Amino acid sequence: MLAREKLGGDILDMALASYAHGDLVKAGSLFRAVLQHDSANPIANHQLGLMAFAEGDSDSAEKYLHRAAAANPLDADYHNNLGVVLHARENHAGARTAFENAIAQNPDFAQAFNNLGAALAALGEDEPAIRAYRRALQIDPGYIEARDNLDLACAGVAPLWHFPMMADAVRNDAYDQALRRAAPGKRVLDIGAGSGLLAMMAARAGAAAVTTCEAVPAIAAAAREIIERNGFSESIALHAKRSDQLKIGREMWARANVLVTETFSSGLLSEGVLPTIEHAREHLLTPDAVVIPKRAAARGYLIGGATIEAQAYASHAAGFDLSSFNLFASSKFGLHLDRLPHEILSDDFEIFSFDLNESHFPAERKLISVLPRQSGRCVGVAQWLKLDLDAETTYENRPAADAGANGWMHVVYRFPEPIELKAGQEVHLIASHTRTDMTVALAPQSLIV
Ligand SMILES: C[S@@+](CC[C@H](N)C(=O)[O-])C[C@H]1O[C@@H](n2cnc3c(N)ncnc32)[C@H](O)[C@@H]1O
């Protein structure tokens, strides 16, 4: 028996030497020979697992690495490498366990924390994933992969626009003013808590009760901390749920008589504000409830100018014709027009406007005729938002050179190619919305009467 062990040990040394010299074929056959003497040998199983994985044979890699980790459960690397293979095979729950086992053996294993973050993110556990990436960076602040993963995970949970949105003092003041008028003594429902800002405004204004809900659990957790830090835990009930998961008698003891929401995308509708309000009106609000904002509109003007045209269409560059690239151009795109030079070729016009105190918001399609106020080349329609918070306060993000911080972009609905406008000659547009998306285009001749 002793002789067999000695033989196995010698072969293992030779296998490791071959591996170190890059002779993988010889190393592989020697590691396999070791397993003939000692099938549980952790070193040989581990090396064969790594080699199989490198060759794309993840079946064998998983089998060998399982054996290595079982034979020597105190080795963090074995668990970590097993986790990498399981993650690649989309067994994210198994990978998570393997990375947790690695961390249990080595609590300062930055790579295992980063890998654990990736497994948790794949399992949809955003907050724990973010914590795991943060821990990896705490252990190794120069760990670029963990930094990138953390940034990606954070942006996936809370897109970057949240920051300029929270800093938009004009928007915030508009909501605050309307809530100071509407909230005192009322039961307020805030849909889409974000940081909890509007719910705290309602509570500060003297609401009798405030309920808020947030669809993204990690954002809801941050809102809970913010509400507590600002001393409003007692007066605000926060639910980490979509509004259509709230029930009277469960999350809310009575229907609300004020609804406040800021669930407007740059294009107005794609955060689902219309179905959200329809649901709230039917299930969560009193019949006489007031909605803030009372009206939301998408407004626009015809836009042109060399800078915006260059952004909208591929043309010529450095003496070459690049126009075939327009094949990939989108019919709408978002950008901040505030500081982008452009020509305003028409008066402002309404694209769609919604009375948010209505109960139903059917899809619509309509023709809009616009009279250009000057001749010029037009690339499409620039669109922005107008929110009438109540009868007294309006917020509008019409492009303006002196605009401050703002979370919304402007949307340009781009014509297939620039058109030449003549002052006084009408342009006919077709605007349609599906309740959750909107588009504006040149109307086909067949629709123009
Ligand atoms: C534009 S942010 C506004 C946040 C905050 N109310 C404010 O004004 O600063 C909208 C938030 O609402 C959430 N949300 C959107 N629709 C929702 C719904 N139907 N139920 C719950 N949360 C929703 C989003 O996840 C996002 O965090």
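Glu 251 counts as buried, because its relative accessibility is 10%; buried means under 20% relative accessible area, exposed over 50%, and partly exposed in between (1.4 Å probe, protein chains only). The model is a predicted one, in which local features need pLDDT of at least 70 and side-chain atom pairs count only at pLDDT 80 or more, while totals for chains, interfaces and linings use all residues. Residues are numbered from 1 along each chain as its sequence is written, and side-chain values use heavy atoms, with hydrogens and water left out.

**Salt bridges**

A search of the whole structure gives 22 salt bridges, each defined as a side-chain nitrogen of Lys or Arg within 4 Å of a carboxyl oxygen of Asp or Glu. Glu 251 takes part in a salt bridge with Lys 241, with the closest N and O atoms 2.4 Å apart. Both residues lie in the loop between strand E3 (236–239) and strand E4 (256–261), so the pair ties together parts that are ten residues apart in sequence. Helices (H or I, at least four residues) and strands (E, at least two) are DSSP runs, numbered from the N terminus. Lys 241 is partly exposed, with a relative accessible area of 28%. Glu 251 also meets Arg 250 in a salt bridge, at 3.0 Å from N to O; Arg 250 counts as exposed at 51% relative accessibility.

Another salt bridge joins Arg 229 to Glu 225, whose closest N and O atoms are 3.8 Å apart. These two residues lie in helix H13 (residues 217–229), four residues apart, which is about one turn of the helix. Arg 229 is exposed at 67% relative accessibility, and Glu 225 is exposed at 52%.

**Ligand surroundings**

The ligand is surrounded by 21 residues, the closest being Arg 171, Gly 192, Glu 214, Ala 215 and Ser 243; a residue is near a molecule if one of its heavy atoms lies within 4 Å of it.

| Residue and atom | Ligand atom | Distance |
|---|---|---|
| Gly 192, backbone N or O | nitrogen | 2.7 Å |
| Glu 214, side-chain N or O | oxygen | 2.6 Å |
| Ala 215, backbone N or O | nitrogen | 3.1 Å |

The protein covers 96% of the 600 Å² of accessible area that the ligand has on its own; areas come from the Shrake-Rupley method with a 1.4 Å probe, and for residues only the protein chains shown count as cover.

**Strands E1 and E2**

Strand E1 (residues 187–191) has four of its five residues buried, so it is largely enclosed by the rest of the structure. Five bridges join E1 to strand E2 (residues 209–213), and the two run parallel. Ile 191 has Cys 213 in E2 as its bridge partner.

Note on methods:
A polar contact is a pair of N or O atoms within 3.5 Å; within protein, one must be able to donate a hydrogen and the other to accept it, and residues adjacent in sequence count only if both atoms are side-chain atoms. Two strands pair if DSSP finds at least two bridges between them.
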